[in-house]
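Notebook open, model loaded. I wanted to look up ring pairs and then the domain contact.

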Amino acid sequence: MNVTIFGSGAWGTALAIHLCKLNHTVTLVPRRLELAMELNDARENRDYLPGFGFDPNLQIGFEIAPAIMEADVIILACPSQGLRPLVNDIKKHLPAAENLQAIISLSKGLDVDSLQLPVDILKAVIPNIPFGVLSGPNFASEIAEALPAASVLAIHADSALTESIQNSFSNKNFRVYLSTDVTGVELGGCLKNVYAIGAGICDGLKLGYNTKAAYLTRALHELVKLGTQLGGDKDTFYGLSGFGDLIATCTAPKSRNRSFGQNIAEGKSTNDLLANRKTVVEGMNATDCFFRLAQKNHVETPILNELYEVLYHQKSPSKALYTLMTRELKAETL
């Protein structure tokens with residue numbers, strides 16, 4: 001299979017390394033020309049995924065038209081706020097992509113202006129190409145290292161194409177499951193970043209294991225409630241792209257969103273933490289987006305509300321915790 005990956009951050013690079021091991025023809029396309037030249041010279045992504053050399057057959061591209069000319073599948077591995085401009089640019093060159101069968105997004109965030117999911121943007125801009133999402137508890141370095149992992153592929157396409165991509169992306173170290181719930185898979189991947197910030201706040205305040213367990217349980221409940229209201233299937237949120245990704249992102253020291261929350265609880269400001277970052281903390285914008293969606297759809301989201309207050313109105317994490325712990329007592333609902 002011929003695969004073109006737009007976006008050379010950690011996850012896009014890791015997936016390129018993985019697919020090369022499966023003997024696919026892979027082209028990795030960075031956003032910046034200087035990065036493309038550096039990747040091609042160093043044969044390693046020293047900025048975003050150091051320590052993992054490139055397969056000799058991995059191609060580094062830059063211009064869109066030649067990069068997609070022979071592609072069977074295009075993968076979009078850019079931050080969510082760069083997705084719409086990228087898709088618009090790709091659309092201009094689609095006549096050159098005569099073999100193209102599907103476009104798959106790896107982005108885990110909403111558009112801050114329209115509040116659209118990545119697949120909604122794809123559907124609006126390029127409606128005639130099958131589109132979908134690959135999502136799950138997948139830290140890039142572990143995929144590049146070929147440690148066992150699993151993910152979910154949800155795609156609007158016929159079963160033959162979907163199963164072909166599933167088989168092409170899977171091996172003994174990376175197991176791809178299929179889903180028809182594109183919206184639910186994307187929502188799980190976006191929402192978990194929000195709640196991972198809260199998990200990091202628990203760590204930063206040194207609240208202990210009891211607190212963390214209670215927080216994760218109630219966060220999952222809230223994620224499912226909001227996610228189903230926004231169009232996802234309940235069962236999807238208990239799978240890899242929901243519960244699985246939530247656990248990984250809320251517990252792993254390498255999680256950017258969890259670390260961001262921990263740093264806030266330790267006294268650092270959001271402005272200082274976001275300044276001059278090479279990597280994106282998707283949970284920051286996602287908190288604002290989902291807060292607005294929850295308000296619009298009249299969904300009760302106490303954890304999300306407090307995270308919004310901490311991130312956007314500088315409420316102290318300790319006061320946010322007090323607000324949550326002193327809410328009216330009620331029966332547990334799942």
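I searched the whole structure for aromatic pairs and got 2. My rule pairs rings of Phe, Tyr and Trp (its six-membered ring) with centres within 6.5 Å; planes under 30 degrees apart are stacked, over 60 edge-to-face, the rest tilted. I noted Phe-291 and Tyr-308 as stacked, because their ring centres are 3.9 Å apart and the planes sit at 5°. Phe-291 is in helix 14 (residues 282-296) and Tyr-308 in helix 15 (residues 302-313), so this pair links distant parts of the chain, 17 residues apart. Helices here are DSSP runs of H or I with at least four residues, strands are E runs of at least two, both numbered from the N terminus.

Caveats for myself: this is a predicted model, with local features needing pLDDT of at least 70 and side-chain atom pairs 80 or more, while totals for chains, interfaces and linings use all residues. Residues count from 1 along each chain as its sequence is written, and side-chain values use heavy atoms, without hydrogens and water.

Next, the domains. The assignment (automatic or from a database) gives domain 1 (2-180) and domain 2 (184-326). I find 29 residues of domain 1 and 25 residues of domain 2 in the contact, meaning heavy atoms within 4.5 Å. About 2200 Å² is buried between the two domains, 68% of it from carbon and sulfur atoms; that is accessible area (1.4 Å probe) lost on being put together, summed over both parts.

I then looked for salt bridges (a Lys or Arg side-chain nitrogen within 4 Å of an Asp or Glu carboxyl oxygen). The rule finds 3 across the interface of domain 1 and domain 2. I also logged the salt bridge of Lys-108 with Asp-245, closest N and O atoms 2.7 Å apart.
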